[in-house]
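Subject: Structure handover, pockets and cavities

Hello,

Please find the structure below. My notes on its pockets and cavities follow.

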Amino acid sequence: MSLYTDARKFIAGGVNSPVRAFAGVGGEPVFFKSAAGARVKSEDGREFIDYVGSWGPMILGHAHPEVIEAVVATARNGLSFGAPCVLETAIAEKICSMLPSVDKVRMVSSGTEATMSAIRLARGHTGRDKIVKFEGCYHGHSDSLLIKAGSGALTLGVPSSPGVPAGLAEHTITLPYNDSDAVKAAFAEVGDRIACVIVEPIAGNMNMVPPVAGFHETLRDECTKAGALLIFDEVMTGFRVARGCAQSLYGIAPDITTLGKVIGGGMPAAAYCGRADVMASIAPDGPVYQAGTLSGNPVAMAAGLKTLELIDNDAFWTALTAKTKRLVDGLTAAAAEAGIPVSLECKGGMFGLVFTDQGPVRSYAQVAAADAERFKAFFHGMLDEGVYLAPSAFEAGFVSAAHSDDDLDQTIAAAARVFSSL
Ligand code: KE4
């Protein structure tokens, strides 16, 4: 009896989040027992160099001593109050200090909650119903956003989920990522009915797809002209690709930013944040309602605040960026040596690898046309070599501060062996 068979007896699908089920690569999922630094240990005694990092949060590496200490010390004072505590003020102040576009923050418990609330805020603030998203981008599983979505929805082949009422889905306009002409055409047609555009500033849920020059400027200009709000969904890219998030890389000031993953340091915490006048529309100051029993949970705040404190310096980002580039340069050379066509991207602590000879990858169509079977073989080859990658061709990879040059070089050597076996 496998652990997965056991799990399936009591858990829907055997997992508490679909992308963990290995449906995108085949085989049974690895059950993790513990993790420290750049490595994870499985229940069956194996050890892996980890490039998922809990899908992004573990930017310092697993079980960082100072983060663990902050969690333990805070937990000893009580796990949850349902009343304000100064740790909530402290992390909100920290986020405002790191993001010039952010005046006010509202903490929630997941990225889904953050984007769902941001959409409601945009609709309530503008009095408009339509939203614009991009094919292959994933913003969590709220109804208006599960349309042509990426990540697990794409992995399972159901980018537009059943259960979303047609009357709601009709308000979601889905456009091709990086297609500025399509954006301009949509605004020309219904711009005065668009509440917001929500976009991953670097797409990380259809593998990793950076923006083309001018794309974000078009989004910013069209939203400003039409009185729509620009939402940068930085749940993944936030404090992952740069000290000032992706928005600092492109010089764009979104009206609302959604955050998650890193700001929780591995604990359930996320946020939507932005311009003071927009955030003033949220209850209790304004009429747009949103609430949460565990929003701003002190233990989660302690983990997130300590994480942000430890990464809020240029030396951290110089070192992390160099690690990721070392990995990507090594993988590029190894694939070339083996004659395997791949397209790789990296920014800060995030990277992508697509099996295609049509790189650089700048569209969902290119990702969809990539060699999925070769990815599956690569995934399992690397797993056998002791390297844990995201179990889906539609996910990005993550490097932590804990990945040593030796870890990276071991990974590159393993990839060289696996590429030559493909
Ligand atoms: P959560 O609800 O999973 O905390 O966040 C949703 C979300 C929102 N926006 C972006 C850009 C995201 O990447 C995510 C979640 N990312 C996936 C991995 N690609 C989470 C992993 C999972 O679904 O188990």
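The second largest pocket has a volume of about 280 Å³. On a 1 Å grid over the protein atoms alone, a pocket is an open set of points with protein on both sides within 12 Å along at least five of seven lines, while a cavity is a set where a 1.4 Å probe fits but cannot get out; lining residues have an atom within 4 Å of a point. Volumes are the space filled by probe spheres set on the points, which are joined across faces, edges and corners.

This is a predicted model: local features need pLDDT of at least 70, side-chain atom pairs count only at pLDDT 80 or more, and totals for chains, interfaces and linings use all residues. Residues are numbered from 1 along each chain as its sequence is written, and side-chain values use heavy atoms, without hydrogens and water.

E88, T89, A92, V105, R106, M107, Q290, A291, G292 and S295 line the second largest pocket. At least two of its lining residues come from each of α3 (86-98) and β4 (104-108); helices (H or I, at least four residues) and strands (E, at least two) are DSSP runs, numbered from the N terminus.

The whole structure holds two cavities of 30 Å³ or more. The largest cavity has a volume of about 180 Å³. It is lined by 17 residues, of which F351, L353, F375, L389 and A390 are the closest to its centre. α12 (314-338), β12 (350-354) and α14 (372-384) each give two or more residues to this lining.

The second largest cavity has about 60 Å³ of space. Its lining includes D50, H62, R240 and H403.

Regards
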